[in-house]
Amino acid sequence: MSVKEKEETKAKIIAAAKEEFATYGFEKSSLRRISLKAGCTTGAIYFFFKDKDDLFCTIANQILKPIQLAIHEHIANDKKNISFEPEFDEEIELADKLVDILYSHYDESLILLSKAAGSSLENISDLIVDELEQEYGKLAHLYAKQEGKEVDEYMVHWLSHLYVEAYIHLVTNETDPKEAKKRTRKIMIFLVKGWLDCVLM
């Protein structure tokens, strides 16, 4: 099999897997059905992917990795420029970037957020909340030191959770990216105000 043929076969497997996962979810999906749809053998799937979970993660990571990178870069920038003042423009810029990522791979977003039960990514929302809570917690302590205040750890957790749930609800209920951007801009303003008013005490 030539390099081109390998690339084409892998692309067909991924396309068939997306359809399968979207229809049946991870747990009830079948590698046999995926191979039939892709026009290859199950052995060909195992040539490219370790197992069904690896195939699922390959699809999900098309959005997951860029989202994590965008959030980490945003938080890193906040840590470099500590100011306990509303930065709505920067938050709206992040919101727009996240919507662009989620809606440029909309099918993958839905698969990750609503079809992952049974996969290694089934608790991905909790994992992202934990990451946000850890990073925003560090940022909150930097703000607190600057302001001579203490951090309300519960509110850091709650706002991190709300942040993630807002995007999950958005993607699973709004199909139009333009409308999604309008909504996320308002959501981000709400979250920034919540951060400013409730995290430090």
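1. A word on classes before we start: Ala, Val, Leu, Ile, Met, Phe, Trp, Tyr, Cys and Pro count as nonpolar, Asp, Glu, Lys and Arg as charged, and the others, Gly among them, as polar. By that scheme, the lining of the largest cavity has 16 nonpolar residues, one polar residue and no charged ones. Please keep in mind that this is a predicted model.

2. How many cavities of 30 Å³ or more does the structure hold? There are two.

3. To find the largest cavity on your screen, look for Ile67, Leu102, Ile128, Val164 and Tyr167, which lie nearest its centre among the 17 residues that line it.

4. Several helices share in that lining. At least two residues each come from α4 (52–80), α5 (88–104), α6 (106–114), α7 (124–147) and α8 (153–173). Of these, α8 gives the most to the lining of the largest cavity, with five residues.

5. Now for the second largest cavity. Its lining is made up of Ile67, Gln68, Ile71, His72, Ile75, Ile128, Glu131, Leu132 and Glu135. Helices α4 and α7 each supply at least two of the lining residues here, and α4 gives the most, with five.

6. What classes of residue make up the lining of the second largest cavity? Five are nonpolar, two are polar and two are charged.

How values were computed. Residues are numbered from 1 along each chain as its sequence is written. This is a predicted model: local features need pLDDT of at least 70, side-chain atom pairs count only at pLDDT 80 or more; totals for chains, interfaces and linings use all residues. Side-chain values use heavy atoms; hydrogens and water are left out. On a 1 Å grid over the protein atoms alone, a cavity is a set of points where a 1.4 Å probe fits but cannot get out, and a pocket is an open set with protein on both sides within 12 Å along at least five of seven lines; lining residues have an atom within 4 Å of a point. Grid points are joined across faces, edges and corners, and a volume is the space filled by probe spheres set on the points. Helices (H or I, at least four residues) and strands (E, at least two) are DSSP runs, numbered from the N terminus.
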